[in-house]
Amino acid sequence: MVFLRLLVQLFVSFIFLRSKQCFSSNQSPIILPLRTQNHHHISTRRLFSDSSSKTTGKLIFHHNVTLTASLTIGTPPQNITMVLDTGSELSWLHCKKEPNFTFIFNPLASKTYTKIPCSSRTCKTRTSDLTLPVTCDPAKLCHFIISYADASSVEGHLAFETFRLGSLTRPATVFGCMDSGSSSNSVEDAKTTGLMGMNRGSLSFVNQMGFRKFSYCISGVDSTGILLLGEARYSWLKPLNYTPLVQMSTPLPYFDRAAYSVQLEGIMVNNKVLPLPKSVFVPDHTGAGQTMVDSGTQFTFLLGPVYNALRKEFLSQTTGVLRVLNEPHYVFQGAMDLCYLIDSARATLPNLPAVKFMFRGAEMSVSGQRLLYRVPG
């Protein structure tokens with residue numbers, strides 16, 4: 001038998017985001033090929049508890065797919081591969097050779113690599129959007145620590161280096177030279193050189209490259225796509241629907257103002273609107289509860305009341321169509337608690353109700369195979 005669990009998997013055909021700063025409004029667009037890197041080693045151990053226990057068996061959540069782009073850095077150029085992440089600001093590279101790292105950037109082999117001291121203006125004034133304040137390390141270098149939602153973290157020092165994307169060369173780009181950290185997925189992390197931070201912060205890659213807009217397109221058929229930096233004006237591009245980014249002028253403790261936040265206004269399951277007040281989709285007085293676009297994960301996560309309503313309605317509409325896993329204490333990767341049993345010989349799923357997200361000015365529908373994730377093994 002094969003386990004399937006409910007998710008909302010937004011395989012975006014074309015997503016268009018607008019950054020905060022620019023060097024020139026006449027910047028020529030740059031196209032980089034994108035690849036999706038699937039992480040096949042995800043643990044799928046069934047951590048069931050016995051009937052007498054009230055403890056839920058949980059698995060640690062891992063992001064099991066990433067979008068990667070290839071470019072060059074340094075003088076002479078070194079080839080690197082970076083994970084596209086619209087949910088973070090600082091770009092960083094593995095700079096220290098480790099036994100499990102296949103790809104690193106070697107700063108000692110580059111003539112244009114320059115460490116940033118903590119006394120510099122860059123360290124003091126350009127790091128204000130980072131989630132944790134920078135510090136001064138024993139070598140008097142600008143030291144950073146970044147933590148991510150999957151419990152991984154990286155740290156190292158800031159540096160300047162020349163990045164090249166196609167015909168574009170951008171000297172003195174600020175990035176993080178990572179020399180230590182902890183990973184929730186070290187095997188897969190070792191397959192790339194680092195991460196490309198693409199949010200709205202002043203040090204994000206897209207802002208430092210001087211583009212006001214960028215977009216990425218992912219094929220629903222294979223593992224290919226494109227990252228487009230600049231204006232998207234192509235004859236094959238169909239008309240787009242837009243939803244405005246949420247602006248928050250007042251700093252709030254749990255609202256990420258550098259994120260691409262959008263306003264989710266409701267959810268429909270097969271044209272039935274979930275009976276929820278719009279207030280549940282709005283951040284609270286602390287800023288918690290914003291809806292953001294994050295290319296760092298293929299999964300969509302919802303706050304408790306919204307998820308519970310969606311789960312209840314999806315269960316109701318799939319009664320007699322899918323067989324629910326009768327194990328109340330099973331939670332896949334610590335987050336997914338609605339699982340189905342499907343005959344492993346079955347190649348396709350039955351017709352499932354579509355789930356539609358209603359944003360301000362636009363809607364996005366997810367249906368069929370993309371609503372459920374087939375758990376290996």
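Colleague: How many aromatic pairs does a search of the whole structure find?

Modeller: This is a predicted model, in which local features need pLDDT of at least 70 and side-chain atom pairs count only at pLDDT 80 or more, while totals for chains, interfaces and linings use all residues. Residues are numbered from 1 along each chain as its sequence is written, and side-chain values use heavy atoms, with hydrogens and water left out. Rings of Phe, Tyr and Trp (its six-membered ring) pair if their centres lie within 6.5 Å, with planes under 30 degrees apart counted as stacked, over 60 as edge-to-face and the rest as tilted. On that criterion, the number of aromatic pairs found in the whole structure is 8.

Colleague: Is the pair of phenylalanine 163 and phenylalanine 205 stacked or edge-to-face?

Modeller: The ring centres of phenylalanine 163 and phenylalanine 205 are 5.6 Å apart. Because their planes stand at 75°, the pair is edge-to-face.

Colleague: Is phenylalanine 163 buried or exposed?

Modeller: Buried means under 20% relative accessible area, exposed over 50%, and partly exposed in between (1.4 Å probe, protein chains only). Since phenylalanine 163 has 0% relative accessibility, this residue counts as buried.

Colleague: Which residues have the most contacts inside the largest nonpolar core?

Modeller: A nonpolar core is a set of buried Ala, Val, Leu, Ile, Met, Phe, Trp, Tyr and Cys residues joined through side-chain atoms within 4.5 Å. The largest such core has 33 residues, and those with the most contacts inside it are Phe175 and Leu227.
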